[in-house]
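This short report looks at salt bridges. Have the sequence and the model ready.

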Amino acid sequence: MTLEIALVLLILLVCLVLFITERVRMDVVALMVLSSLAILGLVSPAEAVSGFSNPAVITVWAMFIMSEGLTRAGVADQIGRQVTRLAGKSETRMIVIFMMAGGILSAFMNSIGVAALMMPVASEVTRRSGVSPAKVLMPLAFGTLLGGLTTLFGTAPNLLLSMALQEAVGKGFGIFDYAFLGVPILLAGTAFVALVGRHLLPKADPARNSANHRDLRREYSLQERIFALKVSTDSLLTGRTIADSGLVDIAGLMIIALTRAGRTEALPSRQKVLKAGDILLAQGRFDRFTRLRSWSTLAIVREAPILHEKLLADSGLAELVATEEGFLIGQTLKHRTFRERFGLNVLAVRRGDQVRRTRLAEQVIAAGDRLLVQGTPQALERLQGKPGFFEVVPLSTADMRSLYQLDERLFVLQVPEDSSLVGSSLGENRLGDAFDFRLLGLFRGGEVLESPSSEEVLQTGDLLLIQGRESDLDILRGFQQLEKMEDVSPYLDLFDHGDLDLIEATLHPHGKYAGQRVDALHFDQRRVEVAAIWREGRPYRSGLGAMILQPGDALLIVGPRTRLAELNGDENLIILNPVHVKPVDTRKAPLAAGLMLLLVASVLSGLLPIYLAAIAGATLMVLTCCITMEQAYRAIEWRSIFLIAGMLPLGSAMQHSGTATWIAQGVLSLLGAAGPWAVIVGLYAITALGALIVPTPALVLIMAPIALTLSTELAVSPQTAMMAVAIAATSLASPVSHPANTLVMGPGGYRFIDYLKLGIPLTLVVFAVTFLLLPVVWPLK
């Protein structure tokens, strides 16, 4: 092994680890690979950046635009209408129709876009016919992946392998060369899923079989979380807005409606002022709301300064200066987690001359921030032994008072004998998670319990030294004064009368919502609310504002129908049961379809190479107004483009350095004695396993030079090995291996294991068909 081979293998290993762990975005990993290869001299600077002008990369982005043009022109919508008409009510027939339709469209369009377009159609058809969406949505996604195997531009890996083959032997695959294997695989896969595989999918759930709001409420189990509250005449919440009342941000409730003097307002504005006699229809966890109400039984005693002095006498103060590599950088502060990890309370945060004493949980920590902490000398000493997190600066009591002026925000609560909190632990009540309260110490029988643990049980007479705003206790008392209505049914007719409706949506794979908190999307400003999130086979109905959205999530959104209709234009969402749908203008559908046929004809006739034909087709899509230039830019999946362009130099480095030959010889030493077909089967198996964890465009760029070298060593046709890699790169057994699989996870209510149950047998079917036909269609010689 030479030094060059060792360096390439090291880069390849680091690349694979980063892909598997997902610690770094895949496109950034690709750019790291590109830079490393150039810096180490494994490729020339020109070779390092040549990927951005590679014909395969150009073809991929141009085909993204062509696919979007077909969508915008209504070609897929027209096909969707025909599918709706043909699907019928038979589960088997639906699977066949949707898998075949998805496969045919994916032969010429991006498979992610096809899945996004067909999913609302499939959801509507299944709910109308009483078939569970779980029986159809995963087959639809698999159909789009299998359909991509039928043409040259069906998937990016097909193009990349063809370009690599052309560079090696002077001729790549034709547009329909993949169809000789792809079409039988699509047909066999569809037959298997329709006849056998559907029995491996989750059982039908009646609650997921109808689009109306009653069934969606039952599906997401909303009914058990809806209750009504009445504002009493003497309530401390009277005169406060809904936002200031704490019902939303503190109690975590969603106010569905407000009834006043016999008139009901659906999803009232958070600036609506509460009045005596108002009835609030709320959704949330009433048990959590009850725990918050129980804190109002605590009595304030005027001993805060004395007890604080006593606490300070037994504890230490320090400023923790956040360093660049600190674990809190870019994150918000979670008081309870910090206290339990380090045994310290964070009292304030100082940034320059600005001191923040309240709402610390909303402060995003930056390098240089100074966190004022209080705790035992032992806890402070332990922290000094943890380099890299903070710089620990001891602070005197006098300096603390002059810099932070905390005494005015301290108060003491006493646990009375009749309090329902007696006998419960601090962790069960979690007051600090709702309010900006920090428990600095607990005084019991004249003794100080500094920074008590979450398991500490409250006893009668306990004194709690709290840092926070005393005025927040009025909100707690206001919660206590709210009267829960026994019968909530009279207030649920909002849904029956059409004042409110429910829609189900999922995140668009090319949208911007994944990775964001729900409350950061400000749905309330659009007069709609997220009522629940379906993730990994179960609904989440509380604490939604702080949840980070993930690809595959299904969102249940409630609001007036007119407001819900406005979400149809949100390109970050795919609405599964849209309201007030504006008919798609399909007047340009024949023109867009004609441009795609013109592209195919120009390549088949040899008039233009595929990358020039794709650019010309994309340009004509814009010039004929099938798509605007802004829509064209948005249609390009730039992450995939940078991934491919960044990884292309790695393939060159593997060939030039001899790494591909070194790996190929290792494979031959293991399997060569069994003959060339055993080697190709091994190549197929390695690629199929790699597709579970590595993005398929990057995977085929790694496998292509190995396949070409093996073909040379075995003296067999390179087309055979490259075709085997192309088929094997279709990953069906994981929800995260392809965005089309992830897309249907939430709406279908799937768990990870459901993909394994159907994906593994279907992968074996694909393998069997491939090696049954491969010797006939693409023989070794």
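Is R370 buried, exposed or partly exposed? At 28% relative accessibility, R370 counts as partly exposed. Buried means under 20% relative accessible area, exposed means over 50%, and partly exposed lies in between (1.4 Å probe, protein chains only).

## About the model

This is a predicted model: local features need pLDDT of at least 70, side-chain atom pairs count only at pLDDT 80 or more, and totals for chains, interfaces and linings use all residues. Residues are numbered from 1 along each chain as its sequence is written, and side-chain values use heavy atoms, with hydrogens and water left out.

## Salt bridges

The structure holds 20 salt bridges. In a salt bridge, a side-chain nitrogen of Lys or Arg is within 4 Å of a carboxyl oxygen of Asp or Glu.

## A strand pair

R370 forms a salt bridge with E319 (3.0 Å, N to O). The pair links distant parts of the chain: E319 is in strand β6 and R370 in strand β9, 51 residues apart. Strands (E, at least two residues) and helices (H or I, at least four) are DSSP runs, numbered from the N terminus. E319 is buried, at 2% relative accessible area.

E91 lies in helix α6 and R198 in the loop between α10 and α11, so the pair ties together parts 107 residues apart in sequence. R198 is buried, at 18%.

## A network

E571 and R634 form a salt bridge, with their closest N and O atoms 3.2 Å apart. Salt bridges that share partners join E68, R72, E571 and R634 into one network. E571 is partly exposed, at 39% relative accessible area.
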